[in-house]
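Let's take a walk through this structure together.

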Amino acid sequence: MGRYAVKRLIQGVITVWFIATATFFAMHAVPGDPLSGDKALTEKIRANLEAKYGLDQPLMTQYAIYLGNIAQGDFGISFTQENREVNDIIREHFPVSATLGILAIVFAGLGGVLWGALTAIYRNRLPDTIIMFLVILGISVPSFVIAALGQLSLVNINEWTGVSILPVGGWGTVWHMIVPSMVLGLGTMAYLTRLMRSSMLEIINSDFVRTAKSKGVPPTQIFTRHQLRNAILPVITVLGPSIATITTGGFVVEIIFAIPGLGRYFVQAVQQLDYTVIMGTTVFYGAFLVFMVILVDLIYGLIDPRVRLE
Amino acid sequence: MSNTNIVADTDESFAKSAGKQLLIFALAAIVLVGSLMWGLQVLASMVGSSTEAAKAVDTEAQSITIAIREEPPQLNSALATDASSGFILGHVMEGLLRMSMDDQLEPAIAHSWEVTETHATFWLRDNAKWSDGEPITAQDFIFSWRTALLPENASEYAFLLYPIKNARAINEGSMSPDELGLSAPDDLTLVVELERPVAFFDKMVTFQTYLPIREDFYNATEGRFGADSWELLYSGPFMITSWVHGSSLLLERNPYYWDNERIHLNRINIGYITSDAGATLNFFKDDKIAYTTLLAENLTNALEQRWHIQREQDGTVFFIEFNHREGRVTENLNLRKAMQLVMDMEELVYKVTKLPGYIPGESLFPGWLQGVNDKFRKEYPAPQLRLNREKALEHLELAKQELGVDEIPEIVLLSGDNPISNIQSEWVQAVLKTELGIDLKIDKQIFKQRLAKMTAGDFDLVLAGWGPDYDDPLTFGDLFASWNLNNRGRYASDEMDVLIARAQESVDPRERMEAFAAIQQLAFDDVVLLPMYERGVTFVVHDQLKDVKRRVIGPEIDFTNAYVVDEDS
Amino acid sequence: MAELKLDANAFAPIHQEQEIQSISRPSLSYWQDAWIRLKANRRALISLYLIIGLLIFTFLGPVVWQVDPAQQDVDQISQPPFADRTVTLVTEYEPWYGEGAVAGEGLRFVEDPTTQYIRLVWDELPGAAGGYRVYRNLFPIGPERAYGLPLIETEPGKRFFEDRLDLQPTTYYYSIVALDAAGYETESVETISGDVTRVITPSEARGRGLLAEGENAAVGTQFRLATHPLGTDYLGRDMLARLMHGARVSLFIGFFAPLLFVLIGVIYGSIAGFVGGVGDQVLMRFADFVVALPFLLFMILFKVVFAIGPGESGIMPMLLAMVILLWPATARLVRGQILQIREEGYISASRLLGAKTNYLVLRHMIPNTMGVILVTITFAVPSAIFTEAFLSFIGMGVAPPTPSWGSMCNEGIKTMLTTPHELIFPALFISVTVLAFNLLGDGLRDALDARMRGRE
């Protein structure tokens with residue numbers, strides 16, 4: 001186990017190096033440059049700016065400096081926010097994105113399990129039909145449409161009731177988090193519901209459940225001990241990869257709900273060709289995801305005896 | 001099977017108990033999520049980023065909440081270039097002079113001033129103070145202007161200081177900063193030596209690059225001046241008391257501001273930073289912000305809401321710029337003429353952009369510019385264009401002969417990637433295709449790449465806009481000078497250069513305006529550009545918020561004179 | 001003791017009277033069996049028909065509905081389906097500078113309001129020292145004094161106004177408000193309302209093909225404008241035509257991106273799986289790296305790197321970026337399958353019988369992974385379509401005027417309150433397509449899963 005963890009960590013570090021390299025060279029292959037502004041620059045000023053950001057060095061030197069800085073956890077200074085460090089930007093905005101992401105996953109996970117179990121129990125009856133219809137909507141409607149509709153309905157509800165039940169956007173309190181994270185988690189929730197439903201159905205008809213029933217085990221116990229527990233396993237397995245989709249998929253929600261998350265910054269930085277912010281964010285996200293996946297794998301190994309870590 | 005009923009029966013009871021069980025789980029889950037959210041909030045509040053849940057307006061506290069599109073990158077006035085920095089700086093800083101509510105120059109930190117052909121002198125008031133209580137002196141202006149000119153600071157707007165003697169040479173690194181033509185005979189007198197006569201120098205000092213910066217404070221920030229609220233010293237009516245990056249800014253009354261009687265608002269809470277117009281509209285609808293702009297697609301909804309809609313010019317002129325470089329088909333005058341004769345900018349404005357603030361473009365000079373006694377465009381009306389497809393086709397034929405081609409090759413229209421440029425470039429494409437049979441390729445690029453391509457001359461047509469830097473027609477007039485780097489199409493004509501030089505050097509208003517009128521005519525005759533429209537804004541202000549001022553130059557919205565009234569009045 | 005008599009006949013083989021064992025039904029190949037299973041799955045079948053329908057819509061649609069998706073019909077901008085299309089012929093536009101006396105008093109129309117222009121004149125209002133402001137509203141003016149859209153400020157002497165801004169055939173309420181010397185609105189207001197008729201000029205009518213070149217018609221002649229079964233968009237382009245052409249883009253990306261990256265994944269994965277050992281290790285490590293790249297971030301990055309050239313639609317860069325980023329998942333899957341199959345008994349048997357590697361790969365490996373691959377492709381289609389839509393939403397999608405469902409949605413979302421059809425149709429197409437592929441994918445998975453064979 002220990003050796004396995006070390007091996008995975010080393011692999012993780014190499015992967016992060018790969019991500020950093022890919023980002024660096026992709027970024028420098030982009031036509032256009034971050035220094036151009038609305039007003040044309042004279043040669044002299046441009047040269048000064050290039051020197052300031054080290055863009056006057058040969059590419060490989062820049063790469064070496066860049067790797068060196070990353071190793072020390074320094075992503076440099078932003079091009080557009082001239083006096084801010086990328087580290088500051090990440091430190092301030094990542095927690096927001098992470099909060100949103102965690103909540104979305106929790107919503108998706110709990111919701112998926114609940115709805116999935118419910119539909120399986122009430123198979124082919126009204127609750128099943130209604131929930132499965134919603135699930136189909138969740139799977140097939142693009143997230144930005146859902147987000148925009150979500151915000152719109154909030155406005156209408158607030159207008160109709162005359163009180164602001166939930167804020168329409170912004171960030172800061174518990175109330176701000178509810179709708180955006182639900183919207184963000186909806187797609188995953190729909191997916192998990194389907195998964196839970198089918199795994200539940202399989203288990204309802206399985207031998208050990210039948211045995212338990214005939215043995216006279218109380219229904220509540222059958223449900224929780226035998227069915228729910230076993231049916232949840234596949235759901236947990238896909239939760240890990242979902243983290244990646246959700247945390248990086250927050251852009252849309254962040255833009256629409258005016259949430260100061262890192263995703264929104266990234267989109268802005270790309271528009272502005274802010275090299276340092278783009279590279280910093282990508283490498284940071286990449287590293288985050290890599291180590292999250294490793295962590296999740298290790299946790300599985302600990303809690304599920306059927307998973308053997310080589 | 002005979003026991004189906006029994007099975008169904010037990011299934012039924014089983015489902016019931018399972019359902020109950022699920023309900024319990026659901027409740028537990030809600031509690032769990034609730035406490036998780038609370039925990040996360042506590043955690044998140046430790047690292048910052050929170051939006052104050054404030055109302056749009058508060059009469060009691062005289063406080064308002066607004067949203068801005070983008071966060072200011074930083075607030076060092078010597079380096080600031082963008083609109084949101086301009087907006088914030090306009091509220092927290094004050095320079096020598098400012099613009100009044102009716103757009104006249106009025107004294108600010110300087111109580112009087114004088115501009116001659118060689119010098120400009122400003123006498124500062126003795127009660128003007130920084131937000132730490134120290135007096136504002138002439139030295140603070142000298143330091144700030146010199147900082148902006150230092151080559152190593154690479155300030156994009158340094159060129160605005162070029163009327164000052166030796167400024168250009170210093171900015172280009174060929175002269176020592178000490179040679180700058182500024183002096184302070186005493187703490188409260190600032191004497192500016194001018195490089196050449198500039199009739200409107202007093203108007204220029206309202207621009208943000210001319211704001212003061214105090215040297216000792218600047219040095220104490222160790223290069224982070226303007227990066228955060230505590231790394232700024234304020235000379236204006238408000239000061240930033242909290243700046244949560246990406247999320248919010250809080251402006252509160254500056255107790256040391258000399259003209260505090262003018263100010264009614266205690267707080268301006270910039271609670272939201274979002275570029276999504278729909279979201280901003282929703283905030284306004286939800287009574288969360290006191291001001292929002294409207295897009296064409298929201299107008300019907302705004303009417304339904306019975307809002308008091310307003311409109312104003314925003315000062316910017318948008319145009320199609322041609323590439324006049326050698327070897328480009330657009331270098332051909334007849335081709336440009338043909339295009340000029342078929343583009344119905346009224347159709348563009350009335351049927352495509354559809355916003356009431358927009359005015360169809362007729363001239364390089366927008367209608368709000370001041371002439372000698374009246375508006376410039378009243379005194380010197382723009383040449384009238386009569387659309388004429390037949391004539392356009394004749395010009396097109398001529399162009400084909402001159403270019404020696406049977407068909408005009410595909411031409412490239414460089415455009416931005418925002419929705420408005422999309423609509424417009426698609427419209428241009430359709431018009432040229434149906435009217436002249438010219439195929440147009442749209443080259444849609446993100447901001448920086450578009451700029452890079454413009455600079456490199458990698459286009460035939462480009463959708464461009466130009467906003468004023470100072471309140472004089474010259475801010476538009478010198479755009480097509482052969483030496484102007486912002487002349488991205490590299491239009492070069494001696495006639496134009498001579499006219500621009502005359503407008504620059506003369507101090508006689510009549511002569512200058514004549515020169516601008518001639519530039520206006522030349523731009524039309526030579527089809528240097530096709531003016532598309534003068535941009536306007538359509539916006540709504542909260543009914544209780546009064547005296548909000550939209551400006552053409554400087555901060556686009558000015559809340560410094562605003563106040564909140566009771567709901568009933 | 002009876003003597004056992006044996007003759008040669010006794011040793012003749014018994015003639016087999018009947019078959020002991022027989023295959024009662026015709027032998028079914030893997031694919032035949034899968035097809036039967038799929039046919040039994042009603043949802044999957046309906047999805048399949050839907051997809052076929054979509055393909056017909058995409059490829060045959062433009063043949064039937066020959067409308068240029070880039071053609072802008074400025075007379076009919078953002079029109080919902082089944083909007084009234086009658087239009088009356090009027091004379092060509094002539095500029096107007098307030099000349100000509102108009103009978104009547106107060107605020108009045110010079111002529112009946114039309115979509116060409118609406119001309120207003122008014123008499124002096126008390127207190128109009130600073131001139132007038134003209135407003136237009138879609139609703140009657142209520143006590144809140146919201147006059148609507150401010151159109152212009154005029155000087156005190158100028159008491160006429162011509163409105164040409166986005167005129168629609170509806171009812172307008174015009175108000176003029178007197179401004180005091182400082183430019184503030186006073187209480188003196190006048191309001192008028194009028195119904196606007198949709199009109200067209202002869203030159204426009206010729207341009208739209210309603211009048212032949214050189215043909216003339218009397219003023220007042222009624223025409224019917226071009227039909228737009230699904231309405232028009234913000235530039236007056238035909239929604240149906242745009243949806244058809246948008247389908248090409250969306251489905252092109254939806255089909256080809258998965259097809260390409262699955263193909264690459266299959267080749268890469270089967271090489272890795274077949275080579276095994278160190279080679280396999282190296283190849284799979286590389287795949288792991290690529291998997292680790294955050295997908296959306298790199299999608300955006302690559303979109304910027306492969307800048308869209310002038311006139312290009314931007315489809316290829318998007319396709320390329322998707323292929324670069326998504327192949328490893330399939331590669332892993334295929335490798336896993338190959339490794340598994342390699343250990344199967346029938347492979348060893350086949351080897352013993354002297355089968356060559358080529359034969360093994362072509363006859364056993366690929367056919368046996370086909371099912372998995374097919375299912376992967378089916379599920380990759382909706383996510384590719386979503387990715388396209390997402391990129392279009394953040395403004396990194398296809399370049400105009402190329403329509404795609406995603407970019408149409410993005411445009412439609414802005415006007416969803418006033419003209420919902422511009423959002424509903426493309427969103428519906430995305431949803432239906434995504435749903436159909438998902439359900440088909442489910443069906444295929446059930447049908448192709450070898451473990452399911454033999455189970456009813």
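Helices here are DSSP runs of H or I with at least four residues, strands are runs of E with at least two, and both are numbered from the N terminus. With that in hand, look at chain A: it holds twelve helices and zero strands, so its elements, read from the N terminus, go α-α-α-α-α-α-α-α-α-α-α-α.

A word on the ground rules. This is a predicted model, in which local features need pLDDT of at least 70 and side-chain atom pairs count only at pLDDT 80 or more, while totals for chains, interfaces and linings use all residues. Residues are numbered from 1 along each chain as its sequence is written, chains are lettered from A and ligands numbered from 1 in the order in which they are written, and side-chain values use heavy atoms, with hydrogens and water left out.

Back to chain A, whose C-alpha trace spans about 85 × 60 × 30 Å along its principal axes. Contact means heavy atoms within 4.5 Å. Among chain A contacts between residues at least 6 apart in sequence, 74% join residues at least 24 apart.

Now bring in the neighbour. Chain C touches chain A through 35 of its residues, which are in contact with 41 residues of chain A. Here C:F289, C:L297 and C:L301 supply 19% of the area that chain C buries against chain A, more than any other three residues; buried area is the accessible area (1.4 Å probe) that two parts lose on being put together, summed over both. Between these two chains it is about 3,200 Å², with 85% given by carbon and sulfur atoms.
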